[in-house]
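Let's walk through a few helices together, with the geometry spelled out as we go.

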Amino acid sequence: MRALTAIVLALVMLLCPNVSVAETGSGDPKVALEKFKQAQKAFDSKDYERSLEFARAALEATGSPNARLYVARALRELGKLPEAFVEMERTLRDASESAKTDTKYQATRDSAAAELALLDQRVAKVVVALAEPPPGVKVELNGRVLSAPEVGQPLPVDAGEVVVRAMAEGAAPIEKRVKIAAGATQTVTLVFREEGQAAPAPTETTDTKPLAPKKEGGSLRTAGYVLAGVGVAGLAVFAITGSMANSKFSELEDECGSKRCTDPKYGDTVDSGKRLETIANIGLVAGGVGLLAGGALIVFGGSKEQPSSARVQGTPGGGLSLSYARRF
């Protein structure tokens, strides 16, 4: 999956032109521009640590969405996907706002949108929900203390086991561990109880009757799920960039009517629309191929039959969890 996703990402970066840093901060513009050029050069040379260092220096001096784009890209290549997702999301938001008054940010916005769609399939998201939280509550997600605005919002994390802890004066601390797959979002609800109050004993349903048998798959079926994931990512790119391309062409129709726009002032809009249309077509092809090939492998890649089972189990936090186990 990562190989095919990298191909789509490389095409997106090739089709979107290099961006330049904006002089919006209080730092020395010449120094900031030099740092930005160094960040681009280091990124192209696959020296992502140095690229991140230079891009952050340029971002601190200017606040430019273009510098933040390279911060996000370097973090992604270093495997820091949740941080990369946050920075890419911020890049898209800032570049979209700046593009309303300055067309040079349109390329940054388009690149960030396409790359964010691919990142969305590689991270998991968790929503921490507090039921009647006591005053002074502190919530940690994988050891990081969450700010008040982050509670109740989907937060990107690495796929796999996620540890959520909550503490408050006069209440028993809570800890929950859940596993979240890449591309999935899961809500973790925390219910406080008074300190000293006994936690409910874990209970389990007596009915563990196997459900309908499922087929166990081998390496072909695993490959099918990987290809299907790539297909979903490709279609996400198609949906986002296709919508942007339609917006560009609608803008040209409003300005020029049914005639071809020949005024040079529309050149950037035409070029941007063509780039988005090309990216959308690439995403559509990659998505269609991934889903078709992955679906075929999923359907025909299994062999043995294994039962599935479901159970309801009490949790130390005082809630109930439903688990469903099956074999592929």
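## Helix α2 and its faces

Helix α2 covers residues 29-44, and at 1.5 Å a residue its 16 residues should span 22 Å; the end C-alpha atoms are 23 Å apart, which agrees. The expected span is 1.5 Å times one less than the number of residues, and helices are DSSP runs (H or I, at least four residues) numbered from the N terminus. This is a predicted model, where local features need pLDDT of at least 70, side-chain atom pairs count only at pLDDT 80 or more, and totals for chains, interfaces and linings use all residues. Residues are numbered from 1 along each chain as its sequence is written, and side-chain values use heavy atoms, leaving out hydrogens and water.

A32, F36, A39, Q40, A42 and F43 of α2 are buried (under 20% relative accessible area, 1.4 Å probe, protein chains only). Seen down the axis of α2, these buried residues fall within an arc of 165°, so they line one face of the helix; the arc is taken over directions from the helix axis to the C-beta atoms. On the other side, K30, K41 and D44 are exposed (over 50%).

## Packing of α2 with α3

Just after α2, K46 takes a positive phi of about 65°. Helix α3 (residues 48-62) packs with α2 at an angle of about 155°, their axes 8 Å apart; axes are lines fitted to C-alpha atoms over the stretch in contact, and angles run from 0 to 180 degrees between N-to-C directions. The two helices are therefore roughly antiparallel (over 145 degrees).

Residues of α2 that meet α3 include F36, A39 and F43, and among their α3 counterparts are F54, A58 and A61 (contact means heavy atoms within 4.5 Å).

## Helix α6

In helix α6 (residues 106-120), the 15 residues should span 21 Å at 1.5 Å a residue, and the end C-alpha atoms are 21 Å apart, which agrees. Since 14 of the 15 residues of α6 are buried, α6 is largely enclosed by the rest of the structure.

Key:
Parallel < 35°, antiparallel > 145°, perpendicular 65-115°, else oblique.
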